Every structure is written in C-alpha cells, then in structure tokens.
Amino acid sequence: MSEIKIIKKKLELYGIYLREQNELKDKLNHIIEVMNDHAEYPKAGARLLGYKAIDNKHTEVERMILDKTAIEARIIHLDIEIGHLRIEKFLDSLNEEQLDLIEKVYFQGMSYDDIAILTDYSKSGVAYKINEIFKRLDAFS
C-alpha cells in the first residue's frame, strides 16, 4: 500500500476516533453536570438521565457511575489509539488552509459539495486542493 493510501486511511480513522471521542465527551459532561446538580439526590439525577435499577444489586446511581467510568475509559483508549496513528508530523507539515480542508474532509466527515458551499472553491477545486496536499506528500517520499 502506498504511503498516500496509508495516510488517508489513518486520517479516516483519526476522524472516526475524534468524532466518537467528542460525542463521548459531550455525554460525559452531561452526566457530570446532572450529577453535580443532583449531588444531594443522586437517584433523581440518575433517573433524569434515564437510568433504571435492574435489580437490588444494581441501582440506577451505580449504573450511572459505571457508565461514567466506562465513558472515561473509552475516551482514554481513543486518545491512545489516536496517538498510535502517528499522523501529527503530517498534520504539522500542513499550512492553515490545507489543515482546514483535511479537518473538514476527514475529521468532520464533510463532502466536497459541503466544503464548496462554505468556501470559495468549486467541488472540483476542493478535490484539486486535497489531491495537491497528497501529491506534495508523495514528492517527499
């Protein structure tokens, strides 16, 4: 597999991990906010979040705390996975405009059409700019 294809796959994974991580952080922040708001009555907070006791051994509060802990662990795991991709050097080599395009395509999952609407480029102009980024990478290989 060529270096360009490897970088593109890593960017796709990076984007998937980043989106999942952001969703989890939002969910975690919501849980923490509700836990703080209902610190005196944690059972009410857990119920507000939709947790229900399965049985006497697993109360809704315990389920909420376990869910919070699992989300925190997954966020840490995603950080590790992102680190293993080792694409920081590539991202650091990009100028601001290039990085913005890469972020839109790979991290935010936007289509070329969507990017064209937001920028001064046509759809083919966006494709050209993205291809230029990877051609430059190929020239360094």
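**Exercise 1.** What pLDDT does the chain average, and what share of the residues score at least 70?

*Solution.* Keep in mind that this is a predicted model. The average pLDDT of the chain is 91. A score of at least 70 is reached by 96% of the residues. Next, go through the elements: α3 has the highest mean pLDDT, 96, while helix α7 (residues 123–140) has the lowest, 82.

**Exercise 2.** Work out how helices α1 and α3 are arranged as they pack.

*Solution.* Two packed helices are described by the angle between their axes and the distance between the axes.

- Step 1: find the helices. α1 covers residues 3–37 and α3 covers residues 60–85.
- Step 2: take the two values. The angle is about 155 degrees, and the axes lie 9 Å apart.
- Step 3: compare with the cut-off. Angles over 145 degrees count as roughly antiparallel, so α1 and α3 are roughly antiparallel to each other.
- Step 4: The crossing of α1 past α3 is left-handed.
- Step 5: sort the residues of the contact by class. There are 16 nonpolar, 10 charged and 1 polar.

**Exercise 3.** Decide whether I102 is buried or exposed, and find its contacts.

*Solution.* 

- Step 1: locate the residue. I102 sits in helix α5, which spans residues 96–107.
- Step 2: check accessibility. Buried means under 20% relative accessible area; I102 has 0%, so I102 counts as buried.
- Step 3: list contacts, leaving aside neighbours within four places in sequence. I102 touches L11, L91, L94, F107, I130, I133 and F134.
- Step 4: look along the chain. G15 is 87 residues away from I102 in sequence, yet their C-alpha atoms are separated by 9.8 Å.

Conventions: Residues numbered from 1 in each chain as written. Predicted model: local features only at pLDDT ≥ 70, side-chain atom pairs only at ≥ 80, totals over all residues. Heavy atoms only, no water. Axes fitted to C-alpha atoms, helices over the stretch in contact; angles between N-to-C directions. Helix = DSSP H or I, 4+ residues; strand = E, 2+ residues; numbered from the N terminus. Parallel < 35°, antiparallel > 145°, perpendicular 65-115°, else oblique. Left-handed = near helix turned anticlockwise from the far one by under 90°. Nonpolar A, V, L, I, M, F, W, Y, C, P; charged D, E, K, R; others polar. Buried < 20%, exposed > 50% of the residue type's maximum accessible area, 1.4 Å probe, protein only. Contact = heavy atoms within 4.5 Å. pLDDT = per-residue confidence, 0-100.
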